[in-house]
Amino acid sequence: MPEQVKPVPLGRPGGWRITTYYTALESLYRGKRKAVRGCAKFHCSHGKTPLGSYPDDFLKVIQTEGSGRITAGPQRGRYLNWSHSVGYWLDDTTRDSRGRPLKAWSSAAADKSVLARDQGFAIVECGKEGGGRPVEREVCERFQKARWTVTDLFRPGYGGQNHADVYIGEEHGSRFADSPFYTTLNGATLGPS
């Protein structure tokens, strides 16, 4: 019986930090409503058009995660997206830095000095969660099953060495901040996908 060859790890085994990002769902937030200005369409930068009023805790998450789906009012069903270089804008989808829709459990971001754009990878070993606890088996298996592609790049110097940020999709029924999938994997090992 031929011996199976293990894939060559990407970078140092056990040396990766994997963080997650997601799309917020407006209906899960109850903060004070705050008016937002920005671009009413994609391909605009730092617009001044009124985009509506949204819960302030929803807006805070959008500024961290990059996007949120609007669930009430005239923009219902659309996305409020945000980036440092553009500000807020309304869109029909979430987007990577090239303007392509994000794909749950597939799209990833990294510093281009660490992983190149369009490079595929898999999480071979999960390491430990952010407090040193072992990663729950079901959570680790879900991350290992996914095949990630770097579709987005961190602003230069923002991501850091041996850091990838993986997109886990939209919140459904409960806030992802409380989900076991919204985690940090410290000491993970990556391999080619």
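How many salt bridges does the structure hold? The structure holds 10 salt bridges (a side-chain nitrogen of Lys or Arg within 4 Å of a carboxyl oxygen of Asp or Glu). This is a predicted model, in which local features need pLDDT of at least 70 and side-chain atom pairs count only at pLDDT 80 or more, while totals for chains, interfaces and linings use all residues. Residues are numbered from 1 along each chain as its sequence is written, and side-chain values use heavy atoms, with hydrogens and water left out.

View A. Glutamate 26 pairs with arginine 33, the closest N and O atoms being 3.4 Å apart. Glutamate 26 is buried, at 4% relative accessible area, whereas arginine 33 is partly exposed, at 47% (buried is under 20%, exposed over 50%, partly exposed in between; 1.4 Å probe, protein chains only). Glutamate 129 forms a salt bridge with arginine 133 (3.1 Å, N to O), and glutamate 129 is buried at 12%. Glutamate 138 and arginine 137 form another (3.4 Å, N to O); glutamate 138 is partly exposed at 46% and arginine 137 is exposed at 54%. Shared partners also join Asp96, Arg98, Arg100 and Asp118 into one network of salt bridges.

**View B. Aspartate 165 in strand 11.** Strand 11 covers residues 163–170 and includes aspartate 165 (strands are DSSP runs of E, at least two residues, and helices are runs of H or I, at least four, numbered from the N terminus). Aspartate 165 is buried and has no salt bridge; arginine 17, the nearest side chain of opposite charge, is 7.7 Å away (Lys and Arg count as positive, Asp and Glu as negative; His and the chain ends are not counted). Beyond its neighbours within four places in sequence, aspartate 165 has contacts (heavy atoms within 4.5 Å) that include Tyr21, Ser107 and Phe154.

**View C. Two non-glycine residues with positive phi.** Histidine 43 has phi near 70 degrees and sits in the loop between strand 2 (33–38) and strand 3 (49–55). Histidine 43 is exposed, at 70% relative accessibility. Aspartate 118 also has a positive phi, of about 70 degrees, and lies in the loop between strand 7 (107–110) and strand 8 (120–125). Aspartate 118 is partly exposed, at 43% relative accessibility.
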